[in-house]
Amino acid sequence: QLQAYGGGLVQAGGSLTLSCAASGRSFSDYGMGWFRRTPGKDYEFVACVSWSRHDKYYADSVKGRNTISRLMANDTVYLQMNNLTPEDTAVYYCAAGRFFLSKLRSDYEYWGQGTLVTVSS
């Protein structure tokens with residue numbers, strides 16, 4: 001129901017935009033977020049956006065470098081990532097939940113499959 005795509009290999013300092021498209025149902029009244037995970041580590045919150053599209057919340061590690069947005073016309077959430085570093089290398093997941101803004105993994109009910117982002121030094 002959530003399909004994340006847009007990952008790939010990018011050099012440090014580069015940019016990448018991830019997309020998360022909904023299918024089968026609408027998530028227009030759900031908060032949407034992005035998490036990431038590296039091998040051996042737990043999920044790390046990255047960013048989230050409210051159902052209203054206007055309120056956003058970022059992890060300190062990506063604040064100022066990432067921008068989350070959502071387009072209601074196609075029920076898609078985007079994560080624009082700039083000035084990437086090797087520490088951003090991870091599998092990125094999009095998710096949805098019935099909240100306004102949340103960084104808690106437990107608040108998210110629906111999860112997409114991950115998309116791999118690899119940043120080379």
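User: How many of the 121 residues of the protein count as buried, as a percentage?

Analyst: The share is 44%. Buried means under 20% relative accessible area, exposed over 50%, and partly exposed in between, with a 1.4 Å probe and protein chains only. This is a predicted model: local features need pLDDT of at least 70, side-chain atom pairs count only at pLDDT 80 or more, and totals for chains, interfaces and linings use all residues. Residues are numbered from 1 along each chain as its sequence is written, and side-chain values use heavy atoms, with hydrogens and water left out.

User: Which elements does the protein have, helices or strands?

Analyst: It has zero helices and eleven strands. Both are DSSP runs numbered from the N terminus: helices are H or I with at least four residues, strands are E with at least two.

User: Why is Thr-76 called buried?

Analyst: Its relative accessibility is 4%. The limit is under 20%, so Thr-76 counts as buried. Thr-76 lies in strand S8. Not counting residues up to four places away in sequence, Thr-76 touches Ser-19, Cys-20, Ala-21, Ser-69, Arg-70 and Leu-71; contact means heavy atoms within 4.5 Å. A polar atom of the Thr-76 side chain lies 3.0 Å from the backbone oxygen of Asn-74.

User: Gln-80 is also in strand S8. Is Gln-80 buried or partly exposed?

Analyst: Gln-80 has a relative accessible area of 36%, so it is partly exposed. Leaving aside neighbours within four places in sequence, Gln-80 is in contact with Leu-16, Thr-17, Arg-65, Asn-66 and Thr-67. Its C-alpha atom is separated by 5.4 Å from that of Asn-66, 14 residues apart along the chain.

User: What joins the side chains of Gln-80 and Asn-82?

Analyst: A polar contact of 3.5 Å. The term covers a pair of N or O atoms within 3.5 Å; within protein, one must be able to donate a hydrogen and the other to accept it, and residues adjacent in sequence count only if both atoms are side-chain atoms.

User: How many aromatic pairs does a search of the whole structure find?

Analyst: Eleven. One of them is Phe-27 with Tyr-30, at 5.3 Å centre to centre and 75° between the planes. Rings of Phe, Tyr and Trp (its six-membered ring) pair if their centres lie within 6.5 Å; planes under 30 degrees apart count as stacked, over 60 as edge-to-face and the rest as tilted. The Phe-27 and Tyr-30 pair is therefore edge-to-face. Both residues are buried.

User: Where does the charged end of Arg-105 sit?

Analyst: Over the ring of Trp-111, 5.9 Å from its centre. The rule asks for NZ of Lys or CZ of Arg within 6 Å of the ring centre and within 35 degrees of the ring normal. Arg-25 lies over the face of Phe-27, at 5.1 Å from the ring centre.
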